[in-house]
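Subject: Structure handover

Hello,

Here is the structure I promised to pass on. Please open it next to this email and follow along.

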Amino acid sequence: MRMTARLIVALALAAGFVVAGSTYLQMRADRSRLLDDLRRRCAILAESIDTAIDPALSQRDRGRIEQFVERFGSSGGLDGLAIANNRGEALAATPGIGEKPIVSELGREAMLGDKPVARMIDLQGRQRYAYAVALHSDDGVVTGSLVVLQDTGYIQQRMRDVWRHNFFRLLIQVFLISLVTLWIVRWNVLAPMAQMAEWMKRLRAGELMEPSTLPRAELFGPMAKEVKTFARHLTVAKSAAEEEARLRQISESLWTPERLKDHVKTKLGGQPLVVVSNREPYMHRFKGREVEVIMPAGGVVTAMDPLMKACGGTWIAHGAGDADWEFVDQKNRVKVPPDDPQYTLRRVALTGEEEDGYYYGFSNEGLWPLCHVAHVRPDFRPDDWAFYQAANRKFADAVLDEIEGLESPCVLAQDYHFALLPRMIKEKRPDARVALFWHIPWPNPESFGICPWQTELLYGMLGADLVGFHTQYYCNNFLETVDRTLECRIDRERFSVIKEEHLTAVKPFPVSVHFAASPQGFSAAPADKPALLKELHSNAGILGIGVDRVDYTKGILERFRAVERLLDKYPAYRGRFTLVQIGAPSRTHIKRYNDFLAETEAEADRINWRFKASSWRPIVLLNRHHNHREILPYYKAADVCLVTSLSDGMNLVCKEFISARDDEEGALVLSRFAGASRELTDALIVNPYDIDQVAEAIRYAIEMPEEERRARMKRLRETVKENNIYRWAGNLITELTQIRFDAKTASAPPESPEV
Ligand code: F6P
């Protein structure tokens, strides 16, 4: 209230100064206009008196002059009149002024200069306007003087009126200003502040508050945003602390972001973590004239972003967004997440040609189909291979630049895009600890053997101190491939390869997701299944969900056909079951992917057409990028989640689904060809090529006794909770740092590949 009073007083003073200033100026202008007017009137009067009195003055007829003065002096508006001869002696005057020295002085002054003299004089305690002129005979000789007095009381009255009017105007203004100020302060400042304070108070008291209850006023918008972020951190920290306390009690040891942070700090001695991947975690894209930030779909981003948020450091990746370069500094760095910066993203620029050859060509038309057994023929083109090598060099240079000056830095390279990068780093920085994590399957040696550059790829990978895969099965395939391809020693007991005195450990690390009781920053409210389906114009009571990049390895067509089979075999599900397939278009510059996108649409259309009904569709295909916030309601509402990959390194969709099901409801149908099937044994494991089996699994998932469904989901949640992304990173870093300190093989590998 004191602040409001101060504000009002300040505004009233300001208004007072403005009104006083403008009143003063107005008065000056009015006064000078009125005096001009008076002067003009006096001049006209004097001229007419001069003409009329001339004969009497020339004849020195004092009687006529006195008569004249008597008649004119009492005429309206005049306050006095005096006539003197050319010696300045009063001849006649209205009563009371003839003997006044000031009057005769003015007359003399007018005769002396032979020009009118005007002045304000104080006479008998009143202000008057005196106007004196010299009188002339017909031949122009000065015969005397005339002094005319006018009352100026009306001018003073006018000035007082101006002051009075403006004073009342000021009072009204101050009143209105106070009202408006009170209103603005109350509704736009005090009320939102009180709302925010109440929100924070309730948050502190442990009540879960929806951010939508925060003030949205323009003034408080940025602050509300910061408060929301702060509250999110607080909630996370609080639940982490609670979780830690709970774990301490039951002497269990769960990996949390805080624990990983401490672990990384201890293991790396405070050095920043450096991650390199092709795909960037945050992409700036133009959307019309606006810029949007998206998190691309895919396992690397899902897994690595929570880890980087926990540990900080630098993530080096290809800047693939069309607005990416608007947001970086001179070193191509940007702090991310953009609305709550926690680590650094360093973007690497690639030309269109480089991207075509390295990413679309060698990585995704060569290595991707080579490693995934999905019966798509890999294409190996020498030009693509050249771009792959050059791009690995470019990213390696960015890494080397980033780790310059760091002692024994720790580099985590991600995926099949960077098979050559580990050796490139180690050649220049033998002291660096380099891990390469391969996020996709590793096939058997016969399959891998068709790659014309398999030796170079393996040699590049073995530059790393640690090569990680999702499963032991992929590790075994890799060791077998190395054994058959390169001259080296394989230590099968320690699962490592020694090549040119350099040891590379080969270990499984099943990648995972962040697991939280309630997904971070998102609503914990149960999803509204009927509303979701109604929005999609499908009135079904049972919801199946599939979430994938639109990729031929994901078994999307097989999934659709299994739904068709279910409806054929069990017509009771017609009108009752809908599969919502969220598909993020991916790598669409590659013809096989573009064709596949069209194939999924055509197959969904075909099946929907077969079972045509007015208010129900068996398959709802949503082929566009969806963010986590958009996907979460589907995970929460689904009766069954379908993961039917034909080949998949791990698959994190199934782990995200499990993590979202804090109600311990919902069932998972999972392909045996996804790495996750080794861990998630409580899912309904299927062969996606066996359409009938998948259809039966969907039916069983729906009809399963509630008790069994809950028991399975509970165990699945325990598994994902325990083996979360923080454990994955913790194990990887422990292993990597131990190898460096145990192996005593820190010597640099030779510059040229002796393969
Ligand atoms: O999970 C395998 C993977 O290749 C990841 O490396 C990548 O994040 C994801 O698939 C998506 O692919 P892309 O980055 O080519 O869109």
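First, a term: a nonpolar core is a set of buried Ala, Val, Leu, Ile, Met, Phe, Trp, Tyr and Cys residues joined through side-chain atoms within 4.5 Å. Buried means under 20% relative accessible area, exposed means over 50%, and partly exposed is in between (1.4 Å probe, protein chains only). The model is predicted: local features need pLDDT of at least 70, side-chain atom pairs count only at pLDDT 80 or more, and totals for chains, interfaces and linings use all residues. Residues are numbered from 1 along each chain as its sequence is written, and side-chain values use heavy atoms, without hydrogens and water.

**Cores**

The largest nonpolar core holds 170 residues. Trp-438, Leu-457 and Phe-469 are among those with the most contacts inside it. Helix α9 (residues 382-403) gives this core its largest share, 9 residues. Helices (H or I, at least four residues) and strands (E, at least two) are DSSP runs, numbered from the N terminus. Domain 3 (262-508) and domain 4 (529-723) each supply at least three residues to the core; the domain bounds come from an automatic or database domain assignment.

What does Leu-457 contact, beyond its neighbours within four places in sequence? Its partners include Phe-362, Trp-385 and Phe-448. Contact means heavy atoms within 4.5 Å. A second, separate core has 27 residues, including Leu-35 and Val-148.

**Sheet**

An open sheet has 6 strands in the order β20-β19-β18-β21-β22-β23, with parallel pairing. Two strands pair if DSSP finds at least two bridges between them. β20 (619-623) and β23 (684-686) are the edges; each has a single partner strand, so one side of each lacks a neighbour in the sheet. Strand β19 (residues 577-584) is joined to β20 by 5 bridges. In one of them, Gly-583 partners Asn-623 of β20.

**Salt bridges**

The whole structure has 56 salt bridges. Each is a side-chain nitrogen of Lys or Arg within 4 Å of a carboxyl oxygen of Asp or Glu. Arg-33 pairs with Asp-30, with the closest N and O atoms 3.7 Å apart. Both lie in helix α1 (residues 2-58), 3 residues apart. Is each one buried or partly exposed? Arg-33 is partly exposed, at 46% relative accessible area; Asp-30 is buried, at 9%. Asp-551 and Arg-549 form another bridge (3.2 Å, N to O), and both are buried.

Best wishes
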